Amino acid sequence: MAAFSTRRLRSFKRWMNSNRIQCSDALQILDAGVDLGISVHSRCELKEGDLVATIPKQACLTTKTTGARDVIEEAGLDGCLGLSVAIMYERSLGDVSPWAGYLGVLPEIECLPLVWSQDEVDSLLMGTELHKTVKEDKVLLYQDWKECILPLMDSFPSKIDPRFFGAEEYFAARTLVASRSFQIDDYHGIGMVPLADLFNHKTGAEDVHFTYAPSDGESEDNDHTDTDGNPGSTCVRQKEDSEITEFGSSDNLQQDMEDDEPMALEMIIVKDVKAGVEVFNTYGVIGNAALLHRYGFTEADNQFDIVNIDFDLVVEWSSSTFSWRHSRARLSMWRKLGYSGCVSENSEYFEVSFDGEPQTELLILLYIILLCDEAYTDLNLAIAVSGDSLDSIHAMSSAEGKLLPSLSKISEMSNDMLLTPSVCSALASLADMREKLYGTVSLDNEIETLESICCIRERKLYHSLRLRISERNVLNKLRRFAAKGPCHSEMERLLLQERS
């Protein structure tokens, strides 16, 4: 493999050396240009436990290390908002910024849906899990800029160029924070970690892990996201204070931080790596919707893809099949029994897994909606008598020596038991309703288009198509799941008899 060494990469390496960021000679950083970006490869075989990089925390760009620290703290900004201000401020300083050599290897902006045009969001993401989310993100971030960033202009020195703090510049900074920041520690919060953010992602197949250089002999994990990644049996070593370079106002930083706070971060190999291959980190075990939303790319055959079916879509199906009174009563019973879907902000939904299996709560809801009137009346009476307690219903059922109509033991029923013919038919209908949200272009046509375009030149279309295709494949699996039909166990035969 040919080694690419560009001016920005050479400048970054000099910057790392001057700031005591130690990168093993076993790693090779390659720059394939603006389109393909920077990646990290192995020069030789790497073994599990190898320490390949050490990064002083003072070399990280955070709200505590930036020259805009006082302004950020006085404004009460933190998290992604505060870090975005830090990036914009340091960019405004140009070559004078202590992070100029690092900022030079970062793109001006990451190609996240957040910065796509409104027309692109509507046309490319229509029907996907991201469409509504991205539109809401755009509104909220613009409000952040207007309410939090604009007022800062009066707090900065007059020499600061306000053009670096416009709405577009804020959105650009947010794309870097979304795709490249790490959780560092409680003191720094999230931050930009030079070198660590050059490792590309592979879902569920990380080669290297980002950890503290611990002061007490124990390592602590640091990730892009909240994952359960485990560095395994790692060999880490503590850096002496004398090894940590001073960076910016380092004296103040060291006084502010706890005495036992680790002062460096480490990159450690978590499995053997062959020579001459790319070394990957992982941003978490997440599906394509989250990957495109946070990082701007998707992966083929992502085993963590899911599709959500909104609660409102189920209500729409029920209301079109039964009377509104019928639907409202059955939904109320489902709630009384203590069930709900997944809740995120102001929406409620049910997940369909990569294999096409729907969330159990959805099956239960459909089953209740499809109960015959007699079974519903008896069960509703039992709930009223027992004080809305499912456990009480079970106890009463046992005491009376009979199976209460339909769902008295619903919590003990398997998904197969819930898959009656009518529930299966309802699942197929919901899959059709959900797929209509993607528009009129067929899945086959979208696959054909994906195979004919370049992932570099038409990046937005390419990754949005891969997301749409992956989600529509999950819906096809849901249809196959429903087509399997009911499992005619003894329990289900009893339940089917009740409705006859």
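Is Asp373 buried or exposed, and what is its relative accessibility? At 53% relative accessibility, Asp373 counts as exposed; here buried means under 20% relative accessible area, exposed over 50%, and partly exposed in between (1.4 Å probe, protein chains only).

A quick note before the views: this is a predicted model, where local features need pLDDT of at least 70 and side-chain atom pairs count only at pLDDT 80 or more, while totals for chains, interfaces and linings use all residues. Residues are numbered from 1 along each chain as its sequence is written, and side-chain values use heavy atoms, with hydrogens and water left out.

**View 1. Arg330 and Asp373 pair up in a salt bridge.** The N-to-O distance is 3.1 Å, and a salt bridge here is a side-chain nitrogen of Lys or Arg within 4 Å of a carboxyl oxygen of Asp or Glu. Arg330 sits in helix α11 (residues 324–336) and Asp373 in helix α13 (residues 373–386), so the pair ties together parts 43 residues apart in sequence. Helices (H or I, at least four residues) and strands (E, at least two) are DSSP runs, numbered from the N terminus. Arg330 is buried, at a relative accessible area of 1%, whereas Asp373 is exposed.

**View 2. Glu120 meets Lys460 in a salt bridge.** Their closest N and O atoms are 3.0 Å apart. This one links distant parts of the chain, with Glu120 in helix α5 (residues 118–124) and Lys460 in helix α18 (residues 459–483), 340 residues apart. Both ends are partly exposed: Glu120 has a relative accessible area of 24%, and Lys460 comes in at 26%.

**View 3. Glu435 and Arg472 form a salt bridge.** Here N and O are 2.7 Å apart. Glu435 belongs to helix α16 (residues 421–435) and Arg472 to helix α18, 37 residues apart. Glu435 is buried at 13%, and Arg472 is buried at 4%.

**View 4. Asp305 is buried yet has no salt bridge.** Look for Asp305 in the loop between α9 (288–295) and β9 (307–310). The nearest side chain of opposite charge (Lys and Arg count as positive, Asp and Glu as negative; His and the chain ends are not counted) is Lys477, 7.8 Å away. The side chain of Asp305 does reach the backbone nitrogen of Asn288, at 2.7 Å. Leaving aside neighbours within four places in sequence, Asp305 has contacts (heavy atoms within 4.5 Å) that include Gly287, Ser353, Phe354 and Val474.

Conventions:
A polar contact is a pair of N or O atoms within 3.5 Å; within protein, one must be able to donate a hydrogen and the other to accept it, and residues adjacent in sequence count only if both atoms are side-chain atoms.
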